[in-house]
Amino acid sequence: MKRIILAVGLGILALGPARAEEDDAVREARWQDLRHAIFGDRKIEDGAGVIALDAPPRALDAATVPVTITLPGPDRIKSVYLTIDANPSPLAGTFHFGPAADTHELRTRVRVDAYTLMHAVAETEDGRLFAAERFIKASGGCSAPGSKDPALALQRLGQMKLKRVGEASADTLQLLISHPNYNGMQMDQVTRNYTPARFVQDIKVTRGDALVFDLESDISLSEDPAITFGLAGKTAVPLTVEVHDSAAAAFKQDFDVPGQGS
Amino acid sequence: MRRAVALAAALRFCLGAGSACAADAAPVTEVAPGIFVREGVDEDVTAANGDAIANIGFIVGAAAVAVIDPGGSLEDGESLRAAVLAHTDLPIRYVVMTHGHPDHVFGGIAFESDHPVFIGHVRLPAMLSDRGTFYRHRLAAALGRERVGDFVMPTILIEDRAELDLGGRILELQAHGVAHTDGDLTVLDRKTQVLWAGDLLFVRRVPSLDGSLTGWLTELAGMKALPATQAVPGHGPPLVPWPDAAADEERYLTTLGSEIRELLAKAGDIETAVATIGQGEHDKWRLFDDYNGRNVTVAFKQLEWE
């Protein structure tokens, strides 16, 4: 299902690369195409009060753009979709939340390939969709500078860290996964082939039998993906993180929740 | 004789009726006997500066010339080549590429007709493969396609150390671990004790981190122990005292490291890091606001794995 959506997304972008000087109408048309590809004809409501999207207006490093999604409303959120509209693969990630999640805030880091609109869409338990929009100036996050240290990236492949972040009172955790998330867009000048893509496709965090979140991800996540998320309730049950990448590699690790349990 | 040739270059010598004039010779300074440096401007690439923003130049021996960093574009390389021709009739036998950033190596194409040996770090080909096309597009967007040639791959790779003999003059090449980039090479001229540091040394212009913060500090410590008394930085004045001139860069990088580690210990995030880290260095560097946030991002991503 997801692959089909992405294929449609790529079809849209085959119309031409995004440019800094393209106008609002072009960007809006791209979003309309994209939202239909992802959500069909479902109504998407203004996200004010339900979902907000924050990112720097101009990226310092287009390969590592921090993004914060806040969901302040009382409604129980089932899923969050993050799009970077002008990226080669615009659906950067889909978070599906389970009963062990506190869904009030999510953070991650993404690649941004061109000046683009970004969207975060919340899906409530009762199936309503709410969107927040943001414009960001960045370029080259996908097609340029891969790893700063390719040897280290391979040596550390699949290693994970879980740490507590933010205020000590909140159960906000950050998961770091060491993975180059190669996007397959760098051309080898000798062979004229592209470096094979190898990226994280799925990150699933569970607490016992209860799901925290399951993230379907793609090449738009930064190298060494980082996810900041909230945990519902206090318990000493450890978390399990399972990661699958496009080379069919799987990485699994158990963590005691920092600051709780042992 | 030398003066006559230099004069001809200054007058834009033409090759004959109907042919294009050769490029203007780059203004070079002879910073030590036989070592010529063209000082780059402390700017990012623009159409006006033609990407002549790095310190580039050449070293002349008794038998041959080694170009050290061929420049930031086809045009920049052509003007450096004209400067070489204005100063010596000896063959350009080597073009040393200190690392893979475009402002240092995209002039390589201008030297192809001299058939030199292009020399780089053992990991330079991988970096240019990954990024070369992207760099070319970015340069072409700034300068126009006709001013940017293709990039040249190194033909001899240095894994550790090597010596170049220019005739009565030995250059010691050293390949470094991941530091400014993954592929930094330095050149030590034994005769004058001048260290051509490339972008392992920034003076005046804020360093840009595209490799490893801790690795850079390690390599810098090793370089300070070399038998060199002066250095040619990749950006800054054409010649500086060594190792004294490394102090500012070392302080900047050390400050980033200690402030980021302190923030990580307090569970701070990358957004906070970008907004706060290194700000005490603000007035000490040119282009600080253009690079500090990105340096912090790169360093943070490295140090959060410690």
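Mentor: Begin with pairing: two strands pair if DSSP finds at least two bridges between them. This is a predicted model. Here, strand 4 (residues 77-84) of chain A pairs with strand 5 of chain A in the antiparallel sense, over five bridges.

Trainee: Which residue is the bridge partner of A:Y81?

Mentor: A:T94, in strand 5 of chain A. A hairpin of six residues joins strand 4 of chain A to strand 5 of chain A.

Trainee: Over how many bridges do strand 5 and strand 12 of chain A pair?

Mentor: Five, again in the antiparallel sense; strand 12 of chain A covers residues 210-217.

Trainee: Is strand 5 of chain A mostly covered or mostly open?

Mentor: Buried means under 20% relative accessible area. In strand 5 (residues 91-97) of chain A, six of the seven residues are buried, so by that cut-off the strand is mostly covered.

Trainee: Now the interface. How many residues of chain A are in contact with chain B?

Mentor: Contact is a matter of distance: heavy atoms within 4.5 Å. Chain A has 37 residues in contact with 28 of chain B. The area buried between the two chains is about 2,600 Å², and carbon and sulfur atoms give 54% of that.

Trainee: How many salt bridges are there between chain A and chain B?

Mentor: Three. One of the salt bridges joins the side chains of A:R107 and B:D269, at 3.2 Å from N to O.

Trainee: Which strand of chain A gives the largest share of the side that touches chain B?

Mentor: Strand 9 of chain A, with four residues. By class, that side of chain A has 10 nonpolar, 15 polar and 12 charged residues.

Notes: Residues numbered from 1 in each chain as written. Chains lettered and ligands numbered in written order. Predicted model: local features only at pLDDT ≥ 70, side-chain atom pairs only at ≥ 80, totals over all residues. Heavy atoms only, no water. Buried area = accessible area lost by both parts, 1.4 Å probe. Salt bridge = Lys/Arg side-chain N within 4 Å of Asp/Glu carboxyl O. Helix = DSSP H or I, 4+ residues; strand = E, 2+ residues; numbered from the N terminus. Nonpolar A, V, L, I, M, F, W, Y, C, P; charged D, E, K, R; others polar. Buried < 20%, exposed > 50% of the residue type's maximum accessible area, 1.4 Å probe, protein only.
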